[in-house]
Amino acid sequence: MEDDSVPRAVTPVVLHFDATCPFAWVTSRWLLEVERLQPIDLRFRVMGLSVLNEHRELEPWYREFNDRARGPARVCAAAEALHGNTVLRDLYTALGRRLHLERNNDHDVVITESLDALGLPASLAKAAHGVGFFGPVLTSIPKGDEAIRLFQATRTLAGTGAFAELKRGRGALDVR
């Protein structure tokens, strides 16, 4: 028989979730039930299936699923950056309820409704369609005004919808 007078250590549990993954959703709801019944230190962390499977060969339907998963993951990451880790529990619940229980596959609507329901800034939805680039690849560290000019130029390119790539030789760093 257990001695209830001896305090038990609270078990830390970190759930890495992709909001679009039905298996992560089920696991999260189970862990919330465990948390309700016994003390655990449950924390939520964003994990993107699209990043995890980026270089894997996938069936076409699963590649499309992964690619579409980027939007909700980016919004969760943006919300966490702006509001801290604790926002993820409620945001994931809001997103997941719409995605998995209501079966709404329109990610833009799901994101907008979820942000609104939590009183989070609607501007966070822009992260779903944020532009990502590899680079810039630099051969030396820009300093001072040059660092600022490069950053501003990179932002300008990132904000140009038609921009795809800019590349030139790297001089001495080129493999021969």
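Predicted model: local features only at pLDDT ≥ 70, side-chain atom pairs only at ≥ 80, totals over all residues.
1. Basis. Local features need pLDDT of at least 70 and side-chain atom pairs 80 or more, while totals for chains, interfaces and linings use all residues. Residues are numbered from 1 along each chain as its sequence is written, and side-chain values use heavy atoms, without hydrogens or water.

2. Fold. The chain has 7 helices and 2 strands, in the order β-α-β-α-α-α-α-α-α. These are DSSP runs numbered from the N terminus: helices are H or I, at least four residues; strands are E, at least two. Of the 176 residues, 27% are buried (under 20% relative accessible area; exposed is over 50%, partly exposed in between; 1.4 Å probe, protein chains only).

3. Salt bridges. The structure holds 6 (a side-chain nitrogen of Lys or Arg within 4 Å of a carboxyl oxygen of Asp or Glu). One of them joins Glu35 to Arg89 at 2.7 Å, N to O. Glu35 sits in helix H1 and Arg89 in helix H5, 54 residues apart.

4. Helix H5 to helix H6. Arg98 pairs with Glu113 at 3.3 Å, N to O. This pair links helix H5 to helix H6, 15 residues apart. Arg98 is buried, at 7% relative accessible area; Glu113 is partly exposed, at 37%.

5. A third pair. Arg97 and Glu102 form a salt bridge, with the closest N and O atoms 2.5 Å apart. Glu102 is partly exposed at 44%, as is Arg97 at 34%.
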